[in-house]
Amino acid sequence: DKTPLGELAEHAQKLMQRAPDQSFLLITNTIAQSQELYRLLEDSGKPIFYLSGSILPVFRKQLIPHIKSLSGGKILVSTQVVEAGVDIDFDVVY
């Protein structure tokens, strides 16, 4: 996939293969972009999670502690919803 999202997914997957224990946060501008990027990365072999305004706040509040509890290699694909007071640490952020 030679779209900008496809190129980002390809670049991130290469980096993930070289750094399997690192966690990755990928933030997009729109819900549609985040959903497409999630689809491109869901077969990466790492635990992958999704957050956006399309997820009800009650479910986001349940998912965030679960994501925080996992150590090592994980992926979170999100919109800017993570910038609004979500306290999660990641090794690599795009």
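## Briefing: helix packing, an aromatic pair and loop contacts

Q22 lies in the loop between α1 and β1. The model described here is predicted. In this model, Q22 is partly exposed, with 31% relative accessibility. One aromatic pair turns up in a search of the whole structure, and helices α1 and α2 cross at roughly 45°.

- Leaving out residues up to four places away in sequence, Q22 touches K46, G72, G73, K74, D91 and V92.
- The C-alpha atoms of Q22 and Q80 are 21 Å apart in space, and the two residues are 58 residues apart in sequence.
- S23 also lies in the loop between α1 and β1, the latter strand covering 24-27.
- S23 has a relative accessible area of 4% and is therefore buried, whereas Q22 at 31% is partly exposed.
- Beyond four places in sequence, S23 is in touch with G72, G73, K74, D89, F90, D91 and V92.
- Two of the residues touched by S23, K74 and F90, also form a charge-over-ring arrangement: K74 lies over the face of F90, 5.7 Å from the ring centre.

**Helices α1 and α2**

- Helix α1 spans residues 4-18, and its axis comes within 10 Å of the axis of α2.
- The axes cross at roughly 45°, and α1 and α2 are therefore oblique to each other.
- The crossing of these two helices is right-handed.
- On the α1 side the meeting residues are L5, G6, L8, A9, Q13 and M16, and on the α2 side they are Q33, E36, L37, L40 and L41.
- L5, in helix α1, is buried because its relative accessible area is 18%, with the cut-off for buried at under 20%.
- L5 and L37 are 6.2 Å apart, C-alpha to C-alpha, and 32 residues apart in sequence.
- Residues up to four places away aside, L5 touches T28, Q33, E36, L37 and L40.

**Aromatic pair Y38–Y50**

- The search of the whole structure finds one aromatic pair.
- Y38 and Y50 make up this pair, which is edge-to-face, with 5.9 Å centre to centre and 75° between the planes.
- The pair links distant parts of the chain: Y38 is in helix α2 (residues 31-41) and Y50 is in strand β2 (residues 48-51), 12 residues apart.
- How accessible are the two partners, Y38 and Y50? Y38 has 24% relative accessibility and so counts as partly exposed, while Y50 has a relative accessible area of 14% and is therefore buried.

**S34 in helix α2**

- S34 is found in helix α2 and is buried, with a relative accessible area of 0%.
- Not counting residues up to four places away in sequence, the contacts of S34 are T28, Y50, S52, V77, S78 and T79.
- Y50, one of the residues touched by S34, is also a partner in the aromatic pair with Y38.

**P47 in the loop between α2 and β2**

- P47 lies in the loop between α2 and β2.
- With a relative accessible area of 39%, P47 is partly exposed.
- Apart from its neighbours within four places in sequence, P47 is in contact with G73, K74 and I75.
- G73 and K74 are also among the residues touched by Q22 and by S23.
- P47 and P20 are 27 residues apart along the chain, and their C-alpha atoms are separated by 11 Å.

**Y94 after β4**

- Y94 lies in the segment after β4, a strand covering 92-93.
- Its relative accessibility is 30%, so Y94 counts as partly exposed.
- Y94 touches L8, H11, A12, L15, F24, L25, L26 and I27, residues up to four places away in sequence being left out.
- L8, one of the residues touched by Y94, is also among the α1 residues that meet α2.
- H11 is 83 residues from Y94 in sequence and 11 Å from Y94 in space, C-alpha to C-alpha.

Methods: Residues numbered from 1 in each chain as written. Predicted model: local features only at pLDDT ≥ 70, side-chain atom pairs only at ≥ 80, totals over all residues. Heavy atoms only, no water. Phe/Tyr/Trp six-rings, centres within 6.5 Å; stacked < 30°, edge-to-face > 60°. Helix = DSSP H or I, 4+ residues; strand = E, 2+ residues; numbered from the N terminus. Buried < 20%, exposed > 50% of the residue type's maximum accessible area, 1.4 Å probe, protein only. Lys NZ or Arg CZ within 6 Å of the ring centre and 35° of its normal. Axes fitted to C-alpha atoms, helices over the stretch in contact; angles between N-to-C directions. Parallel < 35°, antiparallel > 145°, perpendicular 65-115°, else oblique. Left-handed = near helix turned anticlockwise from the far one by under 90°. Contact = heavy atoms within 4.5 Å.
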